[in-house]
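Here is a short briefing to read alongside the structure. Please have the sequence and the coordinates open as you go.

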Amino acid sequence: MVKKDGTSNPNSPVISNPGTPRSDGEQQVRATPPPGPAQQIRLSQQQMIAQQHQLHLQQLSLANQTKYTQLLSVIEEMGRDIRPTYAGSKTSSERLKRGIVHARILVRECLMECERSART
């Protein structure tokens, strides 16, 4: 701090803006930095692994259902990914593509099942 005679005391703090809330030295404002690119990639990879695991569990439970019921549940799951896909989500887009492929296979199997039951 500068004294009236022009000298300064090296042990006293210099206050640049005496009216600011941080000038008393008691408040410390610490901003948490946003997650870096590596951390965001790790989070998205963890989310993808969790989603793939959930999808795998759903597919195992679907094995006991009829083809038509499986097709209905796949279509329902695809419906959840449409809006995020329009918003630009790449993971939702990929899930939607996989859902379309899976639905096409199930449609073929349903048609074959219908033809088989029509013959008998």
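Which residues make up the largest nonpolar core? In this predicted model, that core has 7 residues: L71, V74, M78, L96, A103, L106 and C110. As background, nonpolar side chains in soluble globular proteins tend to be buried together.

**The chain as a whole**
- The protein chain has 3 helices and 0 strands, in the order α-α-α along the sequence.
- Of its 120 residues, 12% are buried.
- The accessible surface comes to about 10,300 Å², and carbon and sulfur atoms account for 57% of that.
- If we take contacts between residues at least 6 apart in sequence, 40% of them join residues at least 24 apart.

**Helix α2**
- Helix α2 covers residues 67-86, and its 20 residues should span 28 Å at 1.5 Å a residue; the end C-alpha atoms are 29 Å apart, which agrees.
- There is a bend of about 25 degrees in α2 at R80, with a proline, P84, following within four residues.
- Buried positions in α2 are Q70, L71, S73, V74, M78 and D81.
- After α2 comes G88, whose phi is positive, near 105 degrees.

**Helix α3**
- With 30 residues, α3 reaches 44 Å from its first C-alpha to its last, close to the 44 Å expected at 1.5 Å a residue.
- The buried residues here are S92, S93, L96, G99, A103, L106 and C110.
- Part of what covers them is α2.

- M78, one of the core residues, is in contact with L96, G99, I100 and A103, leaving aside its neighbours within four places in sequence.
- S92 lies in helix α3. Why does S92 count as buried? Its relative accessible area is 4%, and the cut-off for buried is under 20%.
- Leaving aside neighbours within four places in sequence, S92 is in contact with D81, P84 and T85.

How values were computed: Residues are numbered from 1 along each chain as its sequence is written. This is a predicted model: local features need pLDDT of at least 70, side-chain atom pairs count only at pLDDT 80 or more; totals for chains, interfaces and linings use all residues. Side-chain values use heavy atoms; hydrogens and water are left out. Helices (H or I, at least four residues) and strands (E, at least two) are DSSP runs, numbered from the N terminus. The expected span of a helix is 1.5 Å times one less than its number of residues. The bend at a residue is the angle between axes fitted to the seven residues ending there and the seven starting there. Buried means under 20% relative accessible area, exposed over 50%, partly exposed in between (1.4 Å probe, protein chains only). A nonpolar core is a set of buried Ala, Val, Leu, Ile, Met, Phe, Trp, Tyr and Cys residues joined through side-chain atoms within 4.5 Å. Contact means heavy atoms within 4.5 Å. Accessible areas come from the Shrake-Rupley method with a 1.4 Å probe; for residues, only the protein chains shown count as cover.
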